[in-house]
Amino acid sequence: MLRLDKFLSEAGVASRRQLRDIIRSGRVRVDGVAVTDYAFKFDETACRVTLDGEEISAGKQIVVMMNKLAGYITATEDPRKPTVMELLPEEYRKLQLKPIGRLDKETEGLLLFTNDGDLLHRIVSPRHAVEKVYYAEHEGVVTQDDIDQFAAGLRLRDGTECRPAKLESLELGKSLITVQEGKYHQVRRMMSARGMYVSYLKRIREGNLSLGDLEPGKVRRLSDEEIAMVVDRQNNE
């Protein structure tokens, strides 16, 4: 038997303090019956728990993919600037999801959110070398020397050392950049270090997971198979 507030806390719905108010308001139901006692105990393996009509599963790994819009910062909250959390539909906000890594304010594209701290660390940590692919529009022309410098591991103007990366020219002023880490404004700074100012940047792939045809500003929940694609690098090796 498990306390209702503990069950919801482990499911990542909200903090214990917030949950007490949520439960007292009658928004939580156990097997269809509203429960207002946060200390209520029940068999979590046999009962169905819902919040505002949506079923809650404790310990369920949730990963959501967003096609981020420019103009939003990657943060859970900010008193002055709009954050990516404002693009999440309400049903996902209440699950206490956190963004995996960062896209800077003006960068668009693939951004993942999860309630799984281990997965978050695995994707963000350079040790796991999860590839991130960006489409860039920029000034200047990509040369073979630029490509070689990226492949060797670029040193930025402030002395920051970057891991080996891939630079692929698509056509004049358009390129694909593949990195395995996420330093501050890294792609823009790497291109700038080679004399190419980036005017537009969009992340289109993370691991083996592509953004696909997800519309700008929209989100969708990933399947278990898609989650595995983010950290499965076998096809990249």
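Which residues of H6 are buried? Select helix H6 (186-193) to find out. The buried ones are Gln186, Val187, Arg188, Met190 and Met191. Here buried means under 20% relative accessible area, exposed means over 50%, and partly exposed lies in between (1.4 Å probe, protein chains only). Helices (H or I, at least four residues) and strands (E, at least two) are DSSP runs, numbered from the N terminus.

Before going on, note what is on the screen. This is a predicted model, in which local features need pLDDT of at least 70 and side-chain atom pairs count only at pLDDT 80 or more, while totals for chains, interfaces and linings use all residues. Residues are numbered from 1 along each chain as its sequence is written, and side-chain values use heavy atoms, with hydrogens and water left out.

**The whole chain**

Zoom out. The protein chain has seven helices and 15 strands. Its C-alpha atoms fill a box of roughly 65 × 40 × 35 Å, taken along the principal axes. Of its 237 residues, 43% count as buried. A contact means heavy atoms within 4.5 Å. Among contacts in the chain with a separation of 6 or more, 65% are between residues 24 or more positions apart.

**Around H6**

Return to H6 and show what surrounds it. The buried residues of H6 pack against E10, helix H5 (144-152), strand E11 (166-171), strand E12 (174-179) and E13. An α-helix has 3.6 residues a turn, so residues three or four places apart point the same way. Just after H6, select Gly195, which takes a positive phi of about 80°.

A pocket is found on a 1 Å grid over the protein atoms alone: it is an open set of points where a 1.4 Å probe fits, with protein on both sides within 12 Å along at least five of seven lines, and lining residues have an atom within 4 Å of a point. Grid points are joined across faces, edges and corners, and a volume is the space filled by probe spheres set on the points.

Select Arg102, Leu103, Asp104, Gly182 and Lys183, which lie nearest the centre of the largest pocket among its 25 lining residues. The pocket holds about 500 Å³ of space. Its lining divides into 10 nonpolar, six polar and nine charged residues. In this count Ala, Val, Leu, Ile, Met, Phe, Trp, Tyr, Cys and Pro are nonpolar, Asp, Glu, Lys and Arg are charged, and the others, Gly among them, are polar.

Next select Thr76, Met85, Arg93, Gln96, Leu97 and Lys98, the lining of the second largest pocket. That pocket has a volume of about 200 Å³. Two of its lining residues are nonpolar, two polar and two charged.

**The nonpolar cores**

Which residues touch the most other members of the largest nonpolar core? Leu4, Leu8 and Phe113 do, in a core of 48 residues. A nonpolar core is a set of buried Ala, Val, Leu, Ile, Met, Phe, Trp, Tyr and Cys residues joined through side-chain atoms within 4.5 Å.

Select Leu4 and show its contacts. Leaving aside neighbours within four places in sequence, they include Ile23, Val28, Val30, Tyr38 and Val49. Move to Val30, which lies in strand E2 and is buried, at 8% relative accessibility. The C-alpha atoms of Val30 and Thr50 are separated by 6.7 Å, although the two are 20 residues apart along the chain.

**Two loops with positive phi**

Asp31 is in the loop between strand E2 (28-30) and strand E3 (33-34). Its phi is near 50°, a positive value in a residue other than glycine. Asp31 is partly exposed, with a relative accessible area of 48%.

Asp52 is in the loop between strand E5 (49-51) and strand E6 (54-55). Phi of Asp52 is also positive, near 50°. Asp52 is partly exposed, with a relative accessible area of 42%.

**A last stop**

Is Asn67 buried or exposed? Select this residue in strand E7 (residues 63-68). Asn67 is buried, with a relative accessible area of 2%. Its contacts beyond four places in sequence include Gly109, Lys202, Leu211 and Glu215.
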